[in-house]
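Let's take a friendly walk through a protein together. Have a look at the picture, and then read on.

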Amino acid sequence: MLKTFLGKMSKIIFYGCFGHGYLPIGKRYLWQSCVFVTEEYHVHKISEQLIDFANVYAKENGFNRTYIPSEHVGLYEKYGYHYHKDIVNLGNGIDRLYVKELRL
């Protein structure tokens with residue numbers, strides 16, 4: 001299952017998707033990816049709201065952790081994620097895999 005969220009006014013201001021299972025991980029866990037917010041809307045903390053929404057969804061559906069594959073360092077830690085390991089992504093590049101343990 002893949003859920004995609006797209007918000008727009010006169011232009012796209014945010015985009016995010018999450019799904020069950022991520023092939024490079026090799027296990028069935030909830031992952032979040034493709035979170036994008038137009039720079040002028042960063043002050044509205046939309047990324048944080050999307051991540052929080054996905055984590056609530058994960059808890060409601062029995063998941064005890066979520067993952068975010070990303071090339072960024074120092075971004076997702078402020079949302080309670082920690083670095084887990086490097087993985088080869090679907091494009092054969094290297095992503096840092098972040099994990100957050102959820103309290104059920």
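The report below starts with the whole chain and then turns to one strand and one of its residues.

## About the model

This is a predicted model, in which local features need pLDDT of at least 70 and side-chain atom pairs count only at pLDDT 80 or more, while totals for chains, interfaces and linings use all residues. Residues are numbered from 1 along each chain as its sequence is written, and side-chain values use heavy atoms, leaving out hydrogens and water.

## The whole protein

You will find 1 helix and 6 strands here, in the order β-β-β-α-β-β-β from the N terminus. Helices (H or I, at least four residues) and strands (E, at least two) are DSSP runs, numbered from the N terminus.

Of the 104 residues, 41% are buried, where buried means under 20% relative accessible area, found with a 1.4 Å probe and protein chains only.

## Strand E4

Now look at strand E4, residues 65-70: 6 of its 6 residues are buried. Arg65, Tyr67 and Pro69 point one way, whereas Thr66, Ile68 and Ser70 point the other way. In a regular strand, side chains alternate between the two faces of the sheet.

E4 pairs with strand E6 (residues 94-101) in the antiparallel sense, over 6 bridges; pairing requires at least two bridges found by DSSP between the two strands.

## A look at Arg65

Why does Arg65 count as buried? Arg65 is buried because its relative accessible area is 18%, and the cut-off is under 20%.

The bridge partner of Arg65 in E6 is Glu101. Their side chains also make a polar contact at 3.3 Å. A polar contact is a pair of N or O atoms within 3.5 Å; within protein, one must be able to donate a hydrogen and the other to accept it, and residues adjacent in sequence count only if both atoms are side-chain atoms.

Note on methods. Buried < 20%, exposed > 50% of the residue type's maximum accessible area, 1.4 Å probe, protein only.
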